[in-house]
Amino acid sequence: MRSHSRRTARARRQSGQQGAGVNFFRSTIVNRIDKKGRVSVPADFRAALISRGSNEFHAKPSEKFACIDSYGNDYVEAILKKARDMDIDSDERREYLHMRFAPLISLSWDAEGRVVLPESLLAHAEISDAVAFVGIGDSFEIWNPARYQEWRAEMLSRTQARQRQGGGA
């Protein structure tokens, strides 16, 4: 009986379904970069990407933070859908597409679930030997673990201050 449940769990993982078919990004997982510059993408993140129809992810430097914004194909499709609703010759559409696609790099993991993050992305996020994969629902971010902990502490402080002032979360 136990081996059947292991086979079933393995089959769910291989098909991209974790647990009850989770297809969003959650948790914070820190992984080290190996001597060849590879880092393991967390299994749950790969499963979420696969369940969304992606065997890769798309990454770009964050416009707001010292981290790497990362998305599945569904997010890229949403960008294109929004652009299709804009006037095809407008400056707004052109700028929107440039901001989202020009810096975007597609990354595929190997058989072991590892990727090599390009030097330009590592430099932007000030990453050297370890990365924090931070799930935020429809997408995930890749941070220098120490920088993420600093930012998270600041965010928590701001949130608590708003709550004390009656501003909610």
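Reply: Rings of Phe, Tyr and Trp (for Trp, its six-membered ring) pair if their centres lie within 6.5 Å, and planes under 30 degrees apart count as stacked, over 60 as edge-to-face and the rest as tilted. By this rule the count comes to 12 aromatic pairs, and ring pairs link Phe25, Phe45, Phe57, Phe133 and Phe140 into a cluster. This is a predicted model, in which local features need pLDDT of at least 70 and side-chain atom pairs count only at pLDDT 80 or more, while totals for chains, interfaces and linings use all residues. Residues are numbered from 1 along each chain as its sequence is written, and side-chain values use heavy atoms, with hydrogens and water left out.

Me: Why is the pair of Phe45 and Phe133 called edge-to-face?

Reply: The ring centres of Phe45 and Phe133 are 6.0 Å apart, which is within 6.5 Å, and their planes stand at 80°, which is over 60, so the pair is edge-to-face.

Me: What makes Phe45 and Phe133 count as buried?

Reply: Buried means under 20% relative accessible area (exposed is over 50%, partly exposed in between, with a 1.4 Å probe and protein chains only). Phe45 has 1% relative accessibility and therefore counts as buried, and Phe133, at 0%, counts as buried too.

Me: How do you know that Asn144 is buried or exposed?

Reply: Asn144 has 16% relative accessibility, which is under 20%, so Asn144 counts as buried.
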